[in-house]
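Have the viewer open and follow along.

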Amino acid sequence: MTEHTEDVSGKPPSLWARILDSDITYSFLRTPSAIIAAAITLLAVGAALLAPWIAPFNPFDPSQISLWDGKLPPAWAEGGQPQYLLGTDNQGRDMLSTILYGGRLSIIVGIAAVCLGMVLGVTLGVISGYFGGMVDAVIMRFADVQLTIPGILLAILINGIGRAALPLEFREEFAIYVVIVAIGLTDWPQFARVTRGATLVEVNKEYVQAARVIDLPGWLIMTRHILPNVMRPVLVLATIGLALAIIAEATLSFLGQGIPPTTPSLGTLIRVGNEFLFSGLWWITFFPAIALVVLVFAVNLLGDWMRDALNPKLR
Amino acid sequence: MLLEIKGLDVDFPTRRGTVKAARAVSLTVEPGEVLGLVGESGAGKSTIGNAIMGLLEKPGRVTAGEIVFQGQDIRGLPEDQMKKIRGDKIGMIFQDPQTSLNPLLTIGEQLVETIQKSLGLREKEAEVRAVELLESVGITHAQTRLKAYPHQFSGGMRQRVVIALALAGDPDLIIADEPTTALDVSIQAQILDLIKGLCRSRNLGVIIVTHDIGVIANIADRVAVMFRGEVVETGTVGQVLGAPKHEYTKSLIAAVPRADRKLDRFTSVDYIEGGAKPFQRIDVQTHWLGQAQDLKSPEGTAINVRNLELGFTLKKAIRRKNRVILKAVDDVSFDIREGETFGLVGESGSGKSTVARCIVRLYAPDGGVIRVMGRDLLTDPRAPETRAAKRSLQMIFQDPYSSLNGRMRVMDIVAEPMRSFGLTSGERETRKIVGDLLDHVGLGAEVALRYPHEFSGGQRQRISIARALASRPRILICDEPTSALDVSVQATILNLLKDLQDELGLTMLFISHDLPVIRQMCDRIAVMKDGRICEVSENEALFSNPSHPYTKHLLDLMPRMDLLQPAVA
């Protein structure tokens, strides 16, 4: 109804100015939950990535671990020691340091798995939506079949096969990559579905037809024209998917199928601590669990906001 | 006096400052009178209708003025009282009959519910009344139709039901917001007649909000012309359309395509699109754009279509006889001579766009042959001659909002055909030519680094045209290039197309549902109906002496424009 015709003479704004001026930034600055979520996420990611520099101890360095200090409660509790702020685990590792290092693993695995699933799913989704017909039918039936199997079961299956295929001496070393592949491979159908849906809408738009009229090859139409226009819903899904991937990794590790206890992730820490829960050593499982919950919650909130902000229908 | 609006101001506060959607608007409506509220997009005409109903979209609000309805100021009444007025006193008809009816309820349920709510009748009585209402809006077998669902009605019938719904509370005022924009011409005429008849027989006041001067000419008693939130001119329909006083109204009416005779160009439309630069001719002999003249077709026919056929499968089935196929194009043949503008006209669903899409290879035909510059583009697609023929063919699409990739800069959008066909010696030359082209279509080279969303519809269509020119085409296929645009913008775009054709000697296939536009643009015209061509005639002959009955029918349905001031030749 009211059409904004902005002044198009003069210098076009720089990329940075465009980002600052965009509706997304505007919406972000006016959504307190999004700002808090982003702050927590950034803090968590920052702390995790900087773990080697900011953690008080290196839990993987045997020279810094003393079994004498094992099972100490948090610093403020009775019997706690000031240098171990959140206490120590059964092997005498500082909880705070192991959480930082564990969170680092969890986040890296989550991001890598989502990237894998996203690349795979988006590629197949765009191809599926663009070509339609048999190609579409085959790809999407594959996705449907996979979606009938609960994700975590499939991840356990792929993870198990991956581990069994590796020679024994590499198992621990490559466990993290196996987990990434396992979660990534369970993730792709979601991405494929969303991308295919968006592609079907875009393919019928006139700019795609205009590209066909000038005889542009199909792969160029897909990468140059369709891909940038379907990325919005994919980014939303990726954010929410990151939270899910972190949980999936934690679940795998909790079940003893994921990251080994020598280099523990948050899930591994929770599992290890779980054994001591009923002997009153609550902090070994409690703090990693809290860290996991806060991290996932913040990422989820961010994803929720993004979905609202990027979807013009909900605005 | 039924309704009097005095000095109404409506503001829409946005993050980029307040949009003044209406400024000091004053209007009156008498019972038994149709007031036409006309203006282009963004003029604020729908805002007025919504403000009266108290249905302004957030964050819009009325900041000054009075809305006096039957002697009572209804501005700022509490929502529950407004609801009562909306149901009982003021009815509203919306643009799209698809979305203003609930698809899950029968027509009867929706009508009876509304009648019961506003008139307080019992169900049986309300049903009787519903039947009466449906009959009064021209729906036959009303009693049985009560049990039908909206999808069982055609678009025109649905709009009749919407009108019946608006009448359900026995209102005194009807506000119709673009009631016929979503409908075909033949149905538009019937709906307008119906609204006018109801206005007279029930002594209703009607406000009809539209962008279409033709609608106004046919139905309104008085007209208010809106421009940028202000009413610039009010008067009887004869005075405003026949002898407009305000400069804006004059230029608006000059921009309306007329069917009575063909003009060289549209005159004096510069009041509205002041921003566009005047068309500068280029030296065709030396300019880059002129260097494609070498491509000549044998026998002087640019496009040659023979026995074209295409069916869409509506229902798939393994057994052939169970399939349902819609013949979108059925045995269509025509020739387009080099340098002429060939018009293809028909109502929606007649297959005219499908023909164009077959020519540019977006659809593969089931049968028949299409030759462009003497070559069949489907045989031997990799040969250099075929590439050249493909390059000579370009298309301009209908919707300027979806025909440009929003993620690309204007520069890359326009340069894409050049890069794809390898028409320039390098990036430097490409950039220079893109600047030239943008200048040539009246935008200026400096817009190259911007993104499409920064431009208005008309400016976007200019970008589309610059892109189409970038492959140095000999043939332009224009598929309803202006039907998404305001009438004044339409005039400037049509002028630009005419200028370009003159200058470059382009052949054009011009597709439109709008006969007056076709009349102004084309040399020869083909009329399509249900996938077939009814007749092909010269422009003058078609309008003065149509030979096919369907053409006559279409011509009869054209909005009467004899009220308009005589054309200045």
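How many residues does the contact take from chain A and from chain B? The contact takes 22 residues from chain A and 34 residues from chain B, where two residues count as touching if their C-beta atoms, placed from the backbone, lie within 7 Å.

## Before you start

This is a predicted model, with local features needing pLDDT of at least 70 and side-chain atom pairs counted only at pLDDT 80 or more, while totals for chains, interfaces and linings use all residues. Residues are numbered from 1 along each chain as its sequence is written, and chains are lettered from A and ligands numbered from 1 in the order in which they are written.

## Chain A and its side of the contact

On the chain A side, α9 (206–213) and α10 (218–254) each supply at least two of the residues that touch chain B. The largest share, six residues, comes from α9(A). Sorted by class, this side has ten nonpolar, six polar and six charged residues; here Ala, Val, Leu, Ile, Met, Phe, Trp, Tyr, Cys and Pro are nonpolar, Asp, Glu, Lys and Arg are charged, and the others, Gly among them, are polar.

Chain A overall has twelve helices and zero strands. These elements are DSSP runs numbered from the N terminus: helices are H or I with at least four residues, strands are E with at least two. The C-alpha atoms of chain A fill a box of roughly 75 × 50 × 30 Å along the principal axes. Take the contacts in chain A between residues at least 6 apart in sequence, and 69% of them join residues at least 24 apart.

## A buried strand in chain B

Now for β7(B), residues 173–177. Five of its five residues are buried, so the strand is largely enclosed by the rest of the structure. In a regular strand the side chains alternate between the two faces of the sheet. Here B:Leu173, B:Ile175 and B:Asp177 point one way, B:Ile174 and B:Ala176 the other.

What pairs with β7(B)? Strand β6(B), residues 90–93, runs parallel to β7(B) and is joined to it by four bridges (pairing takes at least two DSSP bridges), with B:Ile93 opposite B:Ala176. Strand β8(B), residues 205–210, also pairs with β7(B) in the parallel sense, over five bridges, and B:Ile175 stands opposite B:Ile207. Between β7(B) and β8(B) the chain passes through helix α7(B), residues 185–202, in a right-handed β-α-β crossover: with the strands pointing away from the viewer, the path from the first strand over the helix to the second runs clockwise.

## Helices in chain B

In α13(B), residues 410–421, the buried residues include B:Val410, B:Ile413 and B:Glu416. The buried residues of α13(B) pack against α14 (427–440) and α15 (457–469) of chain B. Just after α13(B), B:Gly422 takes a positive phi of about 60°.

Is B:Lys552 buried or exposed? B:Lys552, found in helix α19(B), residues 549–557, is exposed because 12 other C-beta atoms lie within 10 Å. Its C-alpha atom is separated by 33 Å from that of B:Met373, 179 residues apart along the chain.

Definitions and conventions:
A residue is buried if 20 or more other C-beta atoms lie within 10 Å of its own, exposed if 12 or fewer, and partly exposed in between; C-beta atoms are placed from the backbone.
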